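Here are my notes on the model you sent over. Have the structure open while you read, and follow the points in order.

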Amino acid sequence: ARAVRKPTRPGARPTRGPRDKSAPMSGVPYILTIDHLLTDEERLIWQAARDFGERRIAPVIEKHYEHATFPRELIPEFAAMGFLGAPLHGYGCAGMNPVAYGLTMIELERQDSGIRSFCSVQSALAMWPIYAYGDEDQRQRWLPGMAKGEIIGAFGLTEPNSGSDPGSMRTHARQQGPGGDYVLTGQKMWITNSPIADVLVVWAKTLDHGSDTPVIRGFLVERGMKGLQTPETHGKLSLRASITGEIVLDEVHVPKANLLPGVHGLKGPLGCLTQARYGIGWGAVGAAMGVYERARDYTLARTQFGRPLAGFQLTQQKLVELHNEIGKGLLLAYHFGRLKQDGKLTPEQVSYLKRDNVRMALESARTARSMFGGNGIMGEYHVMRHVCNLETVYTYEGTHEIHTLAIGRALTGLAAFT
Ligand code: TGC
Ligand code: FAD
């Protein structure tokens with residue numbers, strides 16, 4: 001399967017070898033694979049996610065990216081594949097282990113970071129806080145519909161003046177009336193899915209337990225509540241197949257029953273981010289695999305100076321760098337995945353995974369783009385889209401620099417954020 005095949009006509013993609021469906025990394029050129037480290041079930045899930053991505057996402061993604069639309073028609077299919085709430089148990093969720101979940105993230109992001117974003121937000125940032133911090137009534141009310149894709153969630157932490165420093169948020173909730181309901185006021189921006197969300201997990205400061213110091217709490221704000229608006233953000237040149245918007249809260253009355261009772265403080269939203277960043281650490285490897293495989297195919301097929309581009313030493317050096325970095329990223333994700341399965345993964349390890357694999361993917365996508373020459377800027381070659389998307393992935397869920405500082409703090413005991 002790894003043999004270099006001669007293209008049948010100029011510009012044609014070389015044929016791939018027959019794929020062994022029980023070994024998802026076979027049939028494509030990898031010297032390092034993790035197939036043998038996976039259970040049969042994990043291999044099956046990986047292959048099913050790969051097939052789904054190639055069959056259902058690949059044919060439509062370029063059009064959606066160009067038009068800055070999200071393929072909403074695929075949401076029921078994401079649900080049927082078990083992608084929504086994948087790692088959660090019960091409530092109609094698939095209950096995948098962390099490695100199987102990571103493998104699905106690879107395949108979603110191999111197609112497009114915006115599609116992976118949709119599933120990440122739904123699973124890790126909207127369903128997970130309800131699952132982990134909600135009461136049983138809240139879980140029963142929201143999670144089954146969210147697992148089916150009938151209820152869309154969003155996560156509102158970032159504000160116009162609070163990005164990397166979410167502790168400085170201004171959105172606030174004041175308790176009012178005999179029932180102890182809340183009134184929320186504030187503005188969130190850069191919120192994935194907010195314009196289409198039915199339930200928005202909004203983080204706001206409130207005075208709690210009669211204290212004088214405001215504390216951050218999580219609220220389930222519902223579409224249709226008076227004073228809520230979720231305008232879409234237009235003009236993005238990155239993550240165009242993902243819907244982004246604001247959350248504007250003007251004296252929105254939220255019943256006390258919609259307060260997440262299980263968490264107080266910044267560790268609430270940061271705990272959700274730890275779940276989502278873990279998935280991104282895997283997903284980024286998928287984006288890198290996608291651009292590497294395309295770059296290999298293209299440079300084998302395209303001839304200049306009388307030979308395939310892949311026959312030049314400089315091109316081979318680029319291919320080897322891409323290939324070897326992917327292998328290391330995959331091993332890192334796998335290793336941390338098994339630690340998570342054992343309940344031993346720390347937030348600093350998640351910062352390590354998100355930071356290094358996203359940087360690797362962004363650098364890989366830029367290198368791969370260069371290998372396509374002028375064609376590399378065209379949508380139909382699917383590399384420039386990954387470059388543009390990964391610029392967002394580098395920034396959201398904690399910027400590259402914030403994760404550097406989080407790891408630096410773990411290594412030195414000294415916080416260098418301020
Ligand atoms: P710090 O004093 O470090 O921590 C406050 C409390 O939180 C706990 N904690 C964590 N808990 C769980 N997971 C983590 N990763 C945690 N990090 C910290 C910590 O133990 C403490 O708990 P306690 O009990 O002592 O109160 O807080 P800090 O103010 O110094 O901030 C640290 C810093 C800068 C690392 C943090 O603020 C940060 O991560 N900033 C980045 C913000 C960010 O990532 N925003 C993302 C917004 S959501 C998004 O981008 C979604 S994109 C969706 C998509 O489309 O995929
Ligand atoms: P800033 O915090 O202003 O940072 C600007 C630059 O300064 C960065 O390079 C940063 O690393 C650097 N910097 C900041 N502080 C320091 C420091 N102490 N030391 C050194 N450098 C520093 N948020 C949500 O809540 N929910 C979502 O669903 C969501 N989806 C998003 C979707 C998209 C498409 C995008 C682009 C963003 C999304 N975000 C979301 C917001 C995202 O998490 C923030 O953009 C990110 O946390 C950075 O915040 P900021 O943009 O305000 O940048």
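1. A word on terms before we start: when I say two residues are in contact, I mean that they have heavy atoms within 4.5 Å of each other. Also keep in mind that this is a predicted model.

2. With that in hand, take valine 285, which sits in helix H6. Its relative accessibility is 0%, so valine 285 counts as buried, the cut-off being under 20%. Skipping neighbours within four places in sequence, valine 285 is in contact with Ile106, Ile326, Gly329, Leu330, Asn357 and Met360. Glycine 329 on that list is 44 residues away from valine 285 along the chain, yet their C-alpha atoms are separated by 6.4 Å.

3. The largest nonpolar core has 102 residues, and the members that touch the most others are Phe78, Phe118, Met146, Trp203 and Trp282. Helix H6, residues 267-301, gives the most to this core, with 15 residues. There is also a second, separate core of 18 residues, with Ala154, Phe219, Val254 and Leu259 among them. As background, nonpolar side chains tend to be buried together in soluble globular proteins.

4. Which residues does tryptophan 282 contact, leaving aside those within four places in sequence? One group runs Pro98, Val99, Gly102, Leu103, Met105 and Ile106, and the rest are Leu330, Ala333 and Tyr334.

5. Ligand 1 next. It is surrounded by 24 residues, the closest being Thr192, Thr274, Arg277, Glu397 and Gly398. A polar side-chain atom of threonine 274 lies 2.7 Å from a nitrogen atom of ligand 1. The backbone takes part as well: a polar backbone atom of serine 164 is 2.9 Å from a nitrogen atom of ligand 1, and a backbone N or O atom of glycine 398 lies 2.8 Å from one of the ligand's oxygen atoms. On its own, ligand 1 has 1,100 Å² of accessible area, and the protein covers 70% of that.

6. Ligand 2 has 17 residues around it, with Thr158, Ser164, Trp190, Thr399 and Glu401 the closest. In the side chain of serine 164, an N or O atom is 2.7 Å from an oxygen atom of ligand 2. The side chain of threonine 399 likewise has an N or O atom 2.7 Å from an oxygen atom of ligand 2. Phenylalanine 155 uses its backbone, where an N or O atom lies 2.9 Å from a nitrogen atom of ligand 2. The protein covers 68% of the 980 Å² of accessible area that ligand 2 has on its own.

7. Have a look at the strands too. S2 (residues 172-176) pairs with S3 (residues 181-192) in the antiparallel sense, over five bridges. Alanine 173 has leucine 184 in S3 as its bridge partner. The two strands form a hairpin with four residues between them, and glycine 177 in the turn has a positive phi of about 85°. S3 also pairs with strand S7 (residues 244-254), again in the antiparallel sense, over eight bridges. There, valine 183 stands opposite histidine 253 in S7.

8. Asparagine 389 deserves a check of its own. This residue is found in helix H9, residues 384-395. Is asparagine 389 buried or exposed? At 0% relative accessibility, asparagine 389 counts as buried. Its side chain makes a polar contact with the side chain of aspartate 112, at 3.0 Å. Beyond four places in sequence, the residues in contact with asparagine 389 are Tyr65, Asp112, Ser113, Gly114, Ser238, Leu239 and Arg240.

9. Methionine 81 is in the loop between helix H2 (75-80) and helix H3 (98-111). With a relative accessible area of 26%, methionine 81 is partly exposed. Not counting residues up to four places away in sequence, methionine 81 touches Ala48, Ala49, Phe52 and Met96. Isoleucine 45 is 36 residues from methionine 81 in sequence and 9.2 Å away in space, C-alpha to C-alpha.

10. Last one: serine 120, in helix H4 (residues 113-133). Serine 120 counts as buried, at 1% relative accessibility.

Notes: Residues are numbered from 1 along each chain as its sequence is written. Chains are lettered from A and ligands numbered from 1 in the order in which they are written. This is a predicted model: local features need pLDDT of at least 70, side-chain atom pairs count only at pLDDT 80 or more; totals for chains, interfaces and linings use all residues. Side-chain values use heavy atoms; hydrogens and water are left out. A nonpolar core is a set of buried Ala, Val, Leu, Ile, Met, Phe, Trp, Tyr and Cys residues joined through side-chain atoms within 4.5 Å. Buried means under 20% relative accessible area, exposed over 50%, partly exposed in between (1.4 Å probe, protein chains only). A residue is near a molecule or strand if one of its heavy atoms lies within 4 Å of it. A polar contact is a pair of N or O atoms within 3.5 Å; within protein, one must be able to donate a hydrogen and the other to accept it, and residues adjacent in sequence count only if both atoms are side-chain atoms. Accessible areas come from the Shrake-Rupley method with a 1.4 Å probe; for residues, only the protein chains shown count as cover. Two strands pair if DSSP finds at least two bridges between them.
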